[in-house]
Amino acid sequence: MEPWLDVIAVLLILANLRLLGTSRLSVCIQTVAAQALLLGAVPLLMHADELSARLIAIAAVYTVIKAIVLPWLLRRAARELGGTREVEPFIGLTLSLLVGMGLFGVSLFLAGPLKRAGQGHSGLLIPVALFTIMVGLLVIISRKKAITQVVGYLVMENGIYVFGVAFAVQEPLLVEMGVLLDVLAAVFVMGLTIYHISREFDHIDTDRLSTLKD
Amino acid sequence: MSLYVAGLIVLLVGGAAALVAGRRPLANTLGALTAVAGGLLTLVSSAATLAGGAGAQWDLMRPWAMPGGSLHLGMDELSAFFAICISLISVLAAIYGRTYLADQQGRRHLGASWLFYNVLLASMLGVVASRNALLFLVAWELMSLSSFLLVMFDDKQPGVVSAGWTYLVAAHLGTAFLLVLFLLLGSSGSLEFSDLAAGPNLAGVCFVLALIGFGTKAGLVPLHVWLPEAHPAAPSHVSAVMSGVMIKTGIYGLLRILMLLGTPAIWWGYVLIGLGAISGVLGVLFALAQHDLKRLLAYHSVENIGIIVLGLGLGVLGAATNQPAMAVLGFAGGLLHVFNHAIFKSLLFLGAGSVAHAAGTRDLESLGGLLKRMPTTGATFLIGSAAIAGLPPLNGFVSELLIYLGAFGSAAARAGVTVYGAVAVILALGLIGGLALACFAKAFGIVFLGEPRTAAAAGAHESPAAMRWPMVVLAGLCIAIGLGCPLVAEALRPTVYAVAGALGLSVESDSPANEGMALVRRVLPYISLVAGALLVMIGGAGLLRWRLLRGRAVEPGLTWDCGYAAPTPRMQYTASSFADPILKVFRRLIRQQRQVHPPEGLLPAEASLHTHAQDPFTEGGYRPAFLAVMWLSGQVRRLQGGRNQVYVLYIALALLVLLVWKLGL
């Protein structure tokens with residue numbers, strides 16, 4: 001099943017670039033959901049010859065939460081909060097893409113020594129994991145809206161998931177479920193916070209909260 | 001041992017009890033009483049240790065949950081000597097302080113003030129008894145913090161808050177150097193004093209670190225800037241303790257580290273002599289230029305620390321070049337001066353407190369004629385002034401004489417390079433002595449002699465008995481040490497030998513170190529004799545005056561007034577004009593600012609002279625440095641832009657750098 005893993009890795013890269021290149025909020029959320037869907041398939045592909053009911057169940061729960069529940073929550077939040085449906089970046093979309101390409105190079109460079117430590121499933125898995133984490137950070141850093149920060153956080157979590165899958169020797173999914181639970185809680189907290197911020201200040205642009213720094 | 005620990009416990013419990021008593025008058029009594037009781041316990045205990053020889057030394061070790069730390073207390077000759085100084089002065093200052101604070105009773109939270117006072121005493125006693133570096137540093141910090149809080153007592157007065165902050169910053173900068181010092185010394189893993197040792201080639205670095213760290217507390221130039229700010233700001237009994245004994249913990253620390261480092265290098269001696277000479281001369285010059293009585297006294301502390309360090313420098317030089325007689329005399333002079341300065345400086349601060357209490361001001365130009373109004377304060381202040389100026393038959397003379405003896409002995413023996421050090425000590429001591437005499441002629445003359453310059457000074461009244469007695473006791477000690485100097489030197493011998501022995505000199509009974517002590521034994525009885533004769537003569541003169549005046553009326557009259565019929569007190573010498581001829585010579589050195597309007601024409605109408613002495617180290621060194629730090633902090637503040645995204649960027653960049661670094665790319 002190696003080729004399929006490579007295909008998924010390439011698709012993840014493309015999803016990351018699409019995330020950086022789009023100006024629409026709904027596309028962002030869609031992309032995160034698509035990424036999660038791809039990731040749900042990864043453990044199944046890796047253990048294709050020894051599929052168990054438990055593995056399938058965990059993968060299913062993961063996919064449902066990451067690809068359906070969380071995007072639905074985000075979409076609802078975006079709709080209820082109103083405002084524009086643009087992502088409102090600090091740096092232009094073209095520049096974001098260029099930085100993204102640079103980050104991919106950095107990931108490849110960093111992955112060199114890491115590959116020796118990981119298991120040799122696919123040469124692309126570790127650079128893609130690093131790249132996804134960095135893209136998540138880039139989205140958090142370079143986008144104004146609070147909701148895009150939540151999106152960035154989810155993307156970062158996707159990257160951590162890939163990393164875990166590539167490295168974990170046994171029971172990788174159990175670790176992942178723990179992380180997932182954290183993410184779920186975090187997203188709820190963020191959603192609530194965003195909701196309250198927008199109610200208090202009539203907007204959710206984090207850059208306009210800078211007066212609160214002291 | 002149990003007495004000492006009991007004393008510490010009494011101090012801490014008493015402080016806590018005073019805090020509970022709060023604003024009630026009981027707090028004042030309770031705090032002072034426990035300070036006196038605790039101080040007496042530790043005084044008795046440490047005196048017994050010093051008198052009892054090696055058998056009376058003790059060592060107490062309890063485990064402590066702190067990593068590397070242990071509750072390890074101990075008492076040897078050096079610790080006992082400093083503990084005696086601390087306990088003695090603290091007890092007398094506490095008695096004085098109770099009455100000094102009495103008019104604040106019920107209005108201010110005296111419980112807190114006494115808590116800090118007792119904690120200050122306990123932490124000073126803890127510093128000299130600690131045998132573990134961590135415990136030492138904890139006690140050291142407690143000492144800095146409690147004295148900082150005591151300085152802040154009158155925080156409504158202008159200038160007190162900034163003085164407190166200056167002190168706090170200086171104290172912590174000093175502690176930073178001590179932290180590095182103990183990390184270097186404790187590189188073997190254990191922080192017990194007995195295990196501390198400097199690594200190869202690190203002894204010099206350790207010495208410099210100790211000199212800066214402890215020198216800040218002791219007030220060596222150029223690290224002295226906190227001293228003239230903090231000491232005048234504190235209540236007078238606290239100034240007496242801070243100036244009399246707290247700064248001596250710096251000397252204790254320096255000596256302790258020297259003893260840990262073993263045989264010193266020659267340049268350590270030269271550095272100590274150089275710093276001591278600079279501190280002594282500049283300290284007394286700055287003092288001469290002051291108009292505030294307590295500020296003047298604070299600068300004199302800088303001067304006297306300089307004298308002490310001159311003595312230590314001579315001792316270190318002697319130890320490094322194996323000249324035991326010179327070393328023993330240097331250490332003996334330095335240590336005796338620690339004790340003497342503790343006595344007369346606290347006496348003078350208590351006197352200054354009485355003056356400030358009675359006249360409501362510490363400004364020399366507003367005082368005058370107080371000797372008639374406050375005879376006891378005046379007489380004891382005179383004795384203290386004569387003692388600090390190093391005049392016989394008082395104690396200051398004895399300690400300076402010992403240092404002179406050591407220096408002259410070395411200079412006369414023409415023993416190689418140390419001659420330069422010895423000559424430098426002699427020159428510096430001579431200059432310091434003369435200037436100190438001028439300075440105290442000014443301080444005593446302006447404050448106590450002549451006519452009152454203001455109505456407040458004219459209305460001054462003598463302090464209550466409880467404030468006078470501690471001063472009388474201290475003045476009595478000044479005379480007693482002057483008279484009984486052979487006995488005092490004998491009592492000091494174990495401490496001196498312990499220091500000299502730890503610095504690599506042989507102090508067996510037939511070794512050359514005893515030459516120094518033998519010289520002391522030969523010379524001091526004469527000093528004692530001359531002092532006694534001098535006292536008898538002074539007493540005789542007083543008796544003669546009394547006999548001659550008996551049965552005659554004494555009435556005040558005008559002095560010869562140049563035919564001017566309406567003299568006013570403003571025609572007297574002022575403090576500035578008295579000091580001006582001397583300061584003119586040194587004006588370049590101390591950067592005194594003068595505004596002179598000399599009398600002009602045949603019938604001059606107006607003339608004036610304003611002098612203002614700023615500390616060039618504060619103005620030229622520290623203020624620009626701290627302004628630069630402030631500017632830099634302002635620049636760094638830009639990093640805190642208030643944007644979440646930027647903060648995440650910082651974290652991401654830091655993590656990326658760490659990742660690259662850890663992967664070894």
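User: Is B:Ile590 buried, exposed or partly exposed?
Analyst: This is a predicted model, and in it B:Ile590 comes out as partly exposed, because 16 other C-beta atoms lie within 10 Å and the buried class needs 20 or more.

User: Where does B:Ile590 sit?
Analyst: In helix H22 of chain B, which covers residues 575-590.

User: And what is B:Ile590 in contact with, skipping neighbours within four places in sequence?
Analyst: B:Leu285, B:Phe286, B:Ala289, B:Ala613 and B:Pro616. Take B:Leu285: 305 residues separate it from B:Ile590 in sequence, yet the C-alpha to C-alpha distance is 7.3 Å.

User: OK, domains. Which ones does the assignment give for chain B?
Analyst: Domain 1 is 322-543 + 573-593, and domain 2 is 616-663. Their centres, taken over C-alpha atoms, are 49 Å apart.

User: What's going on at B:Asn322 with phi?
Analyst: Phi there is positive, near 55°, and the residue isn't a glycine. For context, most residues other than glycine have a negative phi. B:Asn322 is in the loop between helix H12 (293-320) and H13 of chain B. It counts as partly exposed because it has 14 C-beta neighbours inside 10 Å.

User: Then H13 itself. At what angle do H13 and H15 of chain B pack?
Analyst: About 145°, with the axes 9 Å apart; H13 spans residues 324-359 and H15 spans 375-388. The crossing of H13(B) and H15(B) is left-handed.

User: Which residues make that contact?
Analyst: From H13(B) you have B:Phe344, B:Lys345, B:Leu347, B:Leu348, B:Gly351, B:Ser354 and B:Val355. H15(B) brings in B:Thr377, B:Thr380, B:Phe381, B:Gly384, B:Ala387 and B:Ile388.

User: How many of them are nonpolar, polar and charged?
Analyst: Seven nonpolar, five polar and one charged in the contact of H13(B) with H15(B).

User: Switching to the core. Which residues touch the most other members of the largest nonpolar one?
Analyst: B:Ala332 and B:Ala500, in a core of 219 residues. H13(B) supplies the largest share of this core, with 23 residues. Sequence neighbours within four places aside, B:Ala332 is in contact with B:Leu402, B:Ala489, B:Leu492, B:Val496 and B:Val520.

User: What lies apart from that core?
Analyst: Another core, of 52 residues, including A:Leu20, A:Ala33, A:Leu39 and A:Ala166.

User: Those are chain A names. How many helices and strands does chain A have?
Analyst: Seven helices and zero strands, so the pattern along the sequence reads α-α-α-α-α-α-α. Of its 214 residues, 40% are buried. Among chain A contacts with a separation of 6 or more, 73% are between residues 24 or more positions apart.

User: Back to chain B. Why is helix H9 described as largely enclosed?
Analyst: Because eleven of the eleven residues in H9, residues 236-246, are buried. Among them are B:His237, B:Val241, B:Met242 and B:Met246.

User: What about B:Ile95, buried or exposed?
Analyst: Buried, because B:Ile95 has 22 C-beta neighbours inside 10 Å. It lies in helix H3 of chain B, residues 77-100. Beyond residues up to four places away in sequence, B:Ile95 touches B:Ala32, B:Val36, B:Ala466 and B:Pro470. Its C-alpha atom is also 8.7 Å from that of B:Ala35, 60 residues apart along the chain.

User: And B:Trp64, where's that?
Analyst: In the loop between strand E1 (58-63) and strand E2 (70-75) of chain B. With 15 C-beta neighbours inside 10 Å, B:Trp64 counts as partly exposed. Leaving out neighbours within four places in sequence, B:Trp64 is in contact with B:Gly69, B:Ser70 and B:Leu71.

User: Last topic, cis peptides. What is omega for the bond from B:Val221 to B:Pro222?
Analyst: Near 5°, and the bond is cis. B:Pro222 is in the loop between helix H7 (203-218) and helix H8 (227-233) of chain B. There's also a cis bond joining B:Pro392 and B:Pro393, with omega about 10°. B:Pro393 is in the loop between H15 and helix H16 (395-413) of chain B. As background, most peptide bonds are trans.

Notes. Residues are numbered from 1 along each chain as its sequence is written. Chains are lettered from A and ligands numbered from 1 in the order in which they are written. This is a predicted model: local features need pLDDT of at least 70, side-chain atom pairs count only at pLDDT 80 or more; totals for chains, interfaces and linings use all residues. Domain bounds come from an automatic or database domain assignment. Helices (H or I, at least four residues) and strands (E, at least two) are DSSP runs, numbered from the N terminus. A residue is buried if 20 or more other C-beta atoms lie within 10 Å of its own, exposed if 12 or fewer, and partly exposed in between; C-beta atoms are placed from the backbone. Two residues are in contact if their C-beta atoms, placed from the backbone, lie within 7 Å. Axes are lines fitted to C-alpha atoms, for helices over the stretch in contact, and angles run from 0 to 180 degrees between N-to-C directions. A crossing is left-handed if the near helix is turned anticlockwise from the far one by less than a right angle, and right-handed if clockwise. Ala, Val, Leu, Ile, Met, Phe, Trp, Tyr, Cys and Pro count as nonpolar, Asp, Glu, Lys and Arg as charged, and the others, Gly among them, as polar. A nonpolar core is a set of buried Ala, Val, Leu, Ile, Met, Phe, Trp, Tyr and Cys residues joined through C-beta atoms within 7 Å.
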